[in-house]
Amino acid sequence: MAKKSRIITMIVSIAVIILLAIATGLKNNDQTKSISVPVTVKNNKVEKSLMEPLYFNPVGENCSYTIDIQGPDALVSNIKIMTASFNSETVYTGQSGNSTVKTGDLTVFDNGMLVLFDPEVKEGATIEDSEYTIRYGIILDSNGNSFWTISMLVIVTLFFIAGCVGMSFLANRNVDRDYDERQVKARGTAAFNSMLITILVALALPTLSTLTGKEPFEPFEYGIIVCLSGILVFIMQADLNDAFVGMKEKRMPLAIIYTVVGLIEILVSIVECVMAKSNVQLYTMISGIFFLAMGIEMIVKAILDKKEAMADEES
Amino acid sequence: MKNLKLKSARAALDLSQQELADKVGVSRQTINAIEKGDYNPTVNLCIAICKALGKTLDELFWDEEE
C-alpha cells in the first residue's frame, strides 16, 4: 500500500511539474497596463506627487514597450524604465507629450522591470492652474523565448531528479526500506520543523522586502526559496536522525553527485552574474546551494555513521 | 541515562549493534540511541530486544535506583 501510494505521489508530482513547464512555455508574454494619473498644475509648474512605479515581469532576454500617452497638450512626461533587481539599471529614458512611444528592444535578462512617469510642463508652454489627468497605456512585449529560458531549466532539473530517484531505487531494490519507531518519530519532528521553517521563510522574505523597500528576488525565486528551505530542513533533520530520505545504503555516489552538481551550479551562477551584471542566474545559485547542502550533509552523516559503527566494533 | 545493562548483555552474546538491530528489526542507530539513553523505546521494542538477548524486561530496562 505504502509502495503504491509512493508511486502515485511520484507520478502526480511529475505530471504537475510537466504541466507547469508547458503552461510557462505557452504563456502569452504580452502584459498590458493602463493608469490615469491626476496632475496638479500651479504657477505653470507641475506639483510633484509620489507616483508608484509600475511593475512588469518580462520573460526572456529582451523586451519592448509601447506607451500611449493621452493628456493636455502643454504637459509632457519623462519616462524612465529600470530593472527591479538589486543592482538596478536604467535601460530607457525619454520624454513625450500626447503620442505613442516605442522603446525598441531593451536587454533585460529576465529581470522584473519598473516603469516611472514624471509629468512636467512643456518648455515654452503655458497652462492654467488646475488639476488635469494624464492617461498612460503601456503594452509590454517580451520577445525572449520563455520556454527555453525557464521551462527548460525545470525540465532539466526534473530529469536530474528523476535520474537520482531511479538510481536510489536501483541501488536499494533489495533493501528493507521500512522505518522503525524512532525513525518514524524523527520524520514527524522533521516534518513539523520543516513546516515551521516554510511558514517563517514565506513570511520573512516579503516582510524584509517591505521593510527595506528592495525586491531582490522575482516571485518565482521566492517560491523556489520557500519550497527548498522546507524540503532542505526536512531532509537534513530526518537524515541526521538516521531516518534516511530516499537511499538507505550505498549513498556515497549520490552524495558526491549532489556536491558536484551544487558546486557547478553555484560557479555557473557566479560567473553569469559577474559577466551579465545581473541576477539572471539567481535560481541556479539557489538550487546549487540546496544540492551542495544535501551533498555535504550526506557525506558528513556517512563519516559519522562509519565512526560510530567502528567505535561499537572496537568496544 | 546510559543503558549499560543492554550494552553488557549484547556484548556477552558477542553481538554488534548492527547484528542486534537486524535481529530486532530496527536500525543500528536506534540500538545505539537506546544504549546512549538518547531514545526511550516503546514496550514492544523493549520486549523484542529482551527476546533477542534472552533476558527479561526487569534485567535490561528496570532502573534499580528508582
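Helices here are DSSP runs (H or I, at least four residues), strands are E runs of at least two, and both are numbered from the N terminus. Packing is judged by contact, in which the C-beta atoms of two residues, placed from the backbone, lie within 7 Å. The model is a predicted one, so local features need pLDDT of at least 70 and side-chain atom pairs count only at pLDDT 80 or more, while totals for chains, interfaces and linings use all residues. Residues are numbered from 1 along each chain as its sequence is written, and chains are lettered from A, and ligands numbered from 1, in the order in which they are written.

H1(B) spans residues 4-12, and its buried residues are B:Leu6, B:Ala9 and B:Arg10. A buried residue has 20 or more other C-beta atoms within 10 Å of its own, an exposed one 12 or fewer, and a partly exposed one a number in between, with C-beta atoms placed from the backbone. Viewed down the axis of H1(B), the buried residues fall within an arc of 100 degrees, so they line one face of the helix; the arc is taken from the directions from the helix axis to the C-beta atoms. On the other side, B:Leu4, B:Ser8, B:Ala11 and B:Ala12 are exposed. Just after H1(B), B:Asp14 has a positive phi of about 60 degrees.

Chain B also touches chain A, in a contact that takes 13 residues from chain B and nine residues from chain A. On the chain B side, H2 and H3 each supply at least two residues, and H3(B) gives the most, with five residues.

Chain A has six helices and ten strands. Of its 315 residues, 22% are buried. Among its contacts between residues at least 6 apart in sequence, 81% join residues at least 24 apart.

Two helices of chain A, H3 (residues 181-212) and H4 (residues 219-240), pack at an angle of about 155 degrees with their axes 8 Å apart. Axes are lines fitted to C-alpha atoms, for helices over the stretch in contact, and angles run from 0 to 180 degrees between N-to-C directions. The angle makes H3(A) roughly antiparallel to H4(A), a term for angles over 145 degrees. Residues of H3(A) including A:Ala190, A:Ile197 and A:Val201 meet residues of H4(A), among them A:Ile225, A:Val226 and A:Val233.

Notes: Parallel < 35°, antiparallel > 145°, perpendicular 65-115°, else oblique.
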